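Here is a short tour to read with the model open beside you.

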Amino acid sequence: MLIAREKKKSNIAEYILYMWQVEDMLRAFQLDMELVNQHVVKGFQVDEAKAKEIYDWYDNIIAIMKAEKVEQQGHIQPLKNTVNELTELHFFLLHEAHDRRYQQIVTMAAGNLVEFRNRSQVGNEVSDVELALTALYGNLLLRLQKKEINPQTATAMESFSKMIGYLAAKYKQMEEEESAQEVNDKG
């Protein structure tokens, strides 16, 4: 919860990847809140009130996962919505803002996206943004397992990372501009 809150403010892509990891961790604990409490919540060195807040946060995610039937795989709707927001920003930067830098970055990633889409056997219903995030998440899991990553995969991941990093920076900029506008509108 504490990490998620900070990541959501600072880098939306890191937040998504972190939350996907939280979903997988909760699945590893069979969505059993007692196991989560024992192995995760109690590991935080916080006061009782903060521990209760952390417990409730994990418990709420488990409830959402159960309600949305993503106990085995998939992602909760708030995360899907965030990925969709990034996808909308992706299309805006490419087709409305005509952001030349972003167009170059996406062009550099395009071949890798096609290859990853084919290897993953996912259709075009999965956006390039979600596909790149999925690839980066898989890469993160491989690194956590200390598995070797071949040079071609590393190059592909670098292209995805640049694309998603640029999107995340633009997303943060957009959020900050909206917040500043709200302050100006109130003042």
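Asparagine 184 counts as exposed because its relative accessibility is 55%, where exposed means over 50% relative accessible area, buried under 20% and partly exposed in between (1.4 Å probe, protein chains only). This is a predicted model, in which local features need pLDDT of at least 70, side-chain atom pairs count only at pLDDT 80 or more, and totals for chains, interfaces and linings use all residues. Residues are numbered from 1 along each chain as its sequence is written, and side-chain values use heavy atoms, with hydrogens and water left out.

**Around asparagine 184**

- Asparagine 184 lies in helix α8; helices (H or I, at least four residues) and strands (E, at least two) are DSSP runs, numbered from the N terminus.
- The C-alpha atoms of asparagine 184 and methionine 163 are 32 Å apart, and the two residues are separated by 21 residues along the chain.

**The largest pocket**

- Rolling a probe the size of a water molecule over the atoms shows where empty space is left.
- The search uses a 1 Å grid over the protein atoms alone: a cavity is a set of points where a 1.4 Å probe fits but cannot get out, while a pocket is an open set with protein on both sides within 12 Å along at least five of seven lines.
- The largest pocket has a volume of about 320 Å³, a volume being the space filled by probe spheres set on the points, with grid points joined across faces, edges and corners.
- Its lining holds 18 residues, and Glu14, Leu17, Leu136, Arg143 and Ser161 lie nearest the centre; lining residues have an atom within 4 Å of a point.
- Helices α2 (12–28), α7 (128–144) and α8 (151–186) each supply at least two of the lining residues of the largest pocket, and the largest share, six residues, comes from α8.
- By class, the lining of the largest pocket has nine nonpolar, five polar and four charged residues; Ala, Val, Leu, Ile, Met, Phe, Trp, Tyr, Cys and Pro count as nonpolar, Asp, Glu, Lys and Arg as charged, and the others, Gly among them, as polar.

**The second largest pocket**

- The second largest pocket has a volume of about 220 Å³.
- Of the 13 residues that line the second largest pocket, Phe116, Arg119, Thr153, Ala156 and Met157 lie nearest its centre.
- Two or more lining residues of the second largest pocket come from each of α6 (100–120), α7 and α8, with α8 giving the most, five residues.
- The lining of the second largest pocket divides into six nonpolar, five polar and two charged residues.

- Glutamate 23 sits in helix α2 and is buried without a salt bridge, the nearest side chain of opposite charge being arginine 27 at 4.5 Å. For charge, Lys and Arg count as positive and Asp and Glu as negative, with His and the chain ends not counted.
- The side chains of glutamate 23 and histidine 75 are joined by a polar contact of 2.5 Å. Such a contact is a pair of N or O atoms within 3.5 Å; within protein, one must be able to donate a hydrogen and the other to accept it, and residues adjacent in sequence count only if both atoms are side-chain atoms.
- Histidine 90, in helix α5 (residues 77–96), is buried because its relative accessible area is 3%.
- A polar contact of 2.6 Å links the side chains of histidine 90 and tyrosine 102.

**Salt bridges**

- The whole structure contains 10 salt bridges, each a side-chain nitrogen of Lys or Arg within 4 Å of a carboxyl oxygen of Asp or Glu.
- Glutamate 53 pairs with arginine 5 in a salt bridge whose closest N and O atoms are 3.0 Å apart. Glutamate 53 is in helix α4 (residues 48–67) and arginine 5 in helix α1 (residues 2–10), so this pair ties together parts that are 48 residues apart in sequence.
- Glutamate 14 forms a salt bridge with lysine 7, with 3.4 Å between the closest N and O atoms. Glutamate 14 is partly exposed at 39% relative accessibility, and lysine 7 is partly exposed at 23%.
- Arginine 119 and glutamate 115 meet in a salt bridge of 3.1 Å, N to O; both lie in helix α6, four residues apart, about one turn of the helix.
- Arginine 119 counts as exposed at 61% relative accessibility, whereas glutamate 115 counts as partly exposed at 30%.
- Salt bridges that share partners join Arg5, Lys50 and Glu53 into one network.
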